[in-house]
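Colleague: I have some questions about the terms used for this model. Please set each value against its definition.

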Amino acid sequence: MADKWVDTVTVERQGFRISVPDSWWEFDLRPETRDNSIRRMVDERVSNVPEMAEHREVVTSFLRRQARQAWDSGAVYCGCMAQSFGGGPPITASVTVSIVGARTSSGEVLPTDPAAIVGQLGTRVARREGDAWRDVTTVDIPEVGTAARTRGVEDISVPGDTRTIRAVLMQTFIPVPGDQQAVALVAGSSQVLDLADSFFDVFDAITSTFRFTAA
């Protein structure tokens, strides 16, 4: 998947920008516009790549589901990968950006200092093969600074549902300049567990392009 980083497209939102591979899908998350936006994009891709037609319904369903879940979780940006290699079923992943408050599970406001966030994020060790796991550390984002990060294979809650899904997950908590109670959360996830290491590289590369911009 590394070769997909040859070409990228930079997406700007109010207050930040981020670059994703140009083969990814990026669209409006608002409920009143997202379905038409996704339909138009899928039609255009199928027109340009006819062999994608057999996966049209799978891709459309995935994009709609990701858009709905991103909106329901409060994300302000969602970029999705839904790409077929060698004619097989599409490999899927997504990256979202949310502006969130730094709080404990009980609602207590926390400092946005990365070390403080790391102290609140627990690691998880897999006791046997196939168990969920999580590493917690800090990373340096170019032109942004130090951020807290988790990476692992975790059980993620589905917004508006009691179920969870197991996924490759990387979350990077980037303090918002001038706001002591907010962080930009860049979250990358995929249910393709066999490609965990490759997706960690992809999510890290995408997150490294995150920049704050003038509001």
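Colleague: How much space lies in the largest pocket?

Modeller: About 970 Å³. This is a predicted model, where local features need pLDDT of at least 70, side-chain atom pairs count only at pLDDT 80 or more, and totals for chains, interfaces and linings use all residues. Residues are numbered from 1 along each chain as its sequence is written, and side-chain values use heavy atoms, with hydrogens and water left out.

Colleague: What makes a set of points a pocket?

Modeller: On a 1 Å grid over the protein atoms alone, a pocket is an open set with protein on both sides within 12 Å along at least five of seven lines. In a cavity, a 1.4 Å probe fits but cannot get out. The volume is the space filled by probe spheres set on the points, which are joined across faces, edges and corners.

Colleague: Which residues line the largest pocket, and which lie nearest its centre?

Modeller: A lining residue has an atom within 4 Å of a point. There are 38 of them, and Gln69, Ile156, Ser157, Pro159 and Ser189 lie nearest the centre. Helix 2 gives the largest share, seven residues. Strands 5 (91-101), 7 (145-157), 8 (164-175) and 9 (182-190) each supply at least two.

Colleague: What is the lining by class?

Modeller: It has 15 nonpolar, 15 polar and eight charged residues. Asp, Glu, Lys and Arg count as charged; Ala, Val, Leu, Ile, Met, Phe, Trp, Tyr, Cys and Pro as nonpolar; the others, Gly among them, as polar.

Colleague: What span is expected of helix 1?

Modeller: Helices are DSSP runs of H or I, at least four residues; strands are runs of E, at least two; both are numbered from the N terminus. The expected span is 1.5 Å times one less than the number of residues. Helix 1 (residues 31-48) has 18 residues, so 26 Å is expected. Its C-alpha span, first to last, is 27 Å, close to that value.

Colleague: Which residues of helix 1 are buried?

Modeller: Arg34, Ser37, Ile38, Met41, Val42 and Val46. Buried means under 20% relative accessible area, exposed over 50%, partly exposed in between (1.4 Å probe, protein chains only).

Colleague: Why do the buried residues line one face of helix 1?

Modeller: They fall within an arc of 160°, so they share one face. The arc is that of the directions from the helix axis to the C-beta atoms. The face turned away carries the exposed Glu32, Glu44 and Ser47.
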